[in-house]
Amino acid sequence: MLNNQVNAVRRLTDFVPEIGIVLGSGLGALADKTEIVCKIGYEEIEGMPVSTAPSHEGCFIFGWLGGKRVVMMKGRLHLYEGYTPQQVVMPIRLMKALGASTVILTNAAGGINRSFQVGDLMLIKDHISCFVPSPLIGRNDDTVGTRFPDMSNAFDRELRTMIKQVAAANQIPLKEGVYAQLTGPQFESPAEIKLLSTLGADAVGMSTVIESIAAGHCGLKVCGVSLITNLACGLLDKPLSGEEVNEAAGIAAPRFEKLITEIIRNI
């Protein structure tokens with residue numbers, strides 16, 4: 001399947017990316033800052049699931065950003081759309097097969113850490129994966145990665161150090177914390193947020209973790225940035241909605257776009 005997907009892309013472009021980028025909910029505007037060479041819809045690639053989530057266009061953008069060759073997922077795939085973990089991470093493995101050596105994962109997240117505010121950017125230093133099924137369950141392809149991959153450096157330490165330096169140099173406030181993935185699509189309950197806080201999670205969302213596992217498995221260097229678009233359930237006395245996620249993402253977009261562009265420039 002992966003070879004067929006690579007061939008499908010290569011029939012449309014010979015562009016070889018250095019860096020893969022996954023754009024989270026409400027963060028797709030970064031694609032507009034890219035010098036686009038080619039745009040390929042997921043439906044044009046054999047066996048590739050299509051995005052159904054609001055604000056997720058569902059295409060790969062190939063082009064130049066920050067002086068580097070990039071491939072962006074403008075619209076990711078989620079477990080709550082009914083896809084298997086193996087389907088959700090297909091784009092990650094494809095980006096690696098096309099030439100990327102590093103992937104930047106971004107997301108909109110709920111803030112659990114009580115020091116966080118809406119609009120904060122959080123550098124992901126680790127993840128909690130025990131609430132979602134691993135994308136590595138099933139027969140292992142030893143040509144892709146080892147059967148039992150190490151997760152002690154899931155979010156690359158050197159990249160994290162560089163990102164903190166970049167944020168400081170550009171006067172972009174940057175938090176750092178642990179991200180937990182749940183399946184969704186419902187937002188978490190107050191009791192679930194209390195549990196996640198006890199486990200050490202600083203932010204929670206419905207993506208990213210299984211992508212980081214698959215990326216590490218196939219040899220990609222991984223870094224991740226969360227945009228805190230809401231405070232998690234129970235921290236404020238009001239219901240949560242998808243609309244406020246996209247609204248907060250739109251407000252924070254300039255800082256997010258600047259940070260990601262400078263990260264790319266410095267990789």
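This briefing summarises the fold, surface, charges and nonpolar cores of the chain. The model is a predicted one. The chain contains seven helices and nine strands. Its radius of gyration is 17 Å, close to the 18 Å that the globule rule gives for 267 residues, so the chain is as compact as a globular protein of that length.

**Overall dimensions and contacts**
- Along the principal axes, the C-alpha atoms of the chain fill a box of roughly 50 × 40 × 35 Å.
- Among contacts in the chain with a separation of 6 or more, 81% are made by residues 24 or more positions apart.

**Burial and surface**
- Buried residues make up 55% of the 267 residues of the chain.
- The chain has an accessible surface of about 11,400 Å², and carbon and sulfur atoms contribute 51% of this surface.

**Charged side chains**
- There are 24 positive and 27 negative side chains in the chain.
- The centres of the positive and negative sets lie 5 Å apart.

**Nonpolar cores**
- In soluble globular proteins, nonpolar side chains tend to be buried together.
- The largest nonpolar core of the chain has 46 residues, of which I45, F60, F62, I92, L94, M95 and V103 touch the most other members.
- When neighbours within four places in sequence are left aside, I92 is in contact with V22, V103, L105, E211, A214, A215 and L220.
- Another core, of 30 residues, lies apart from the largest one and includes L30, A31, L259 and I263.

Technical notes:
Residues are numbered from 1 along each chain as its sequence is written. This is a predicted model: local features need pLDDT of at least 70, side-chain atom pairs count only at pLDDT 80 or more; totals for chains, interfaces and linings use all residues. Side-chain values use heavy atoms; hydrogens and water are left out. Helices (H or I, at least four residues) and strands (E, at least two) are DSSP runs, numbered from the N terminus. The radius of gyration is taken over C-alpha atoms; the globule rule is 2.2 Å times the number of residues to the power 0.38. Buried means under 20% relative accessible area, exposed over 50%, partly exposed in between (1.4 Å probe, protein chains only). Contact means heavy atoms within 4.5 Å. Accessible areas come from the Shrake-Rupley method with a 1.4 Å probe; for residues, only the protein chains shown count as cover. Lys and Arg count as positive and Asp and Glu as negative; His and the chain ends are not counted. The place of a charge is taken as NZ of Lys, CZ of Arg, CG of Asp or CD of Glu. A nonpolar core is a set of buried Ala, Val, Leu, Ile, Met, Phe, Trp, Tyr and Cys residues joined through side-chain atoms within 4.5 Å.
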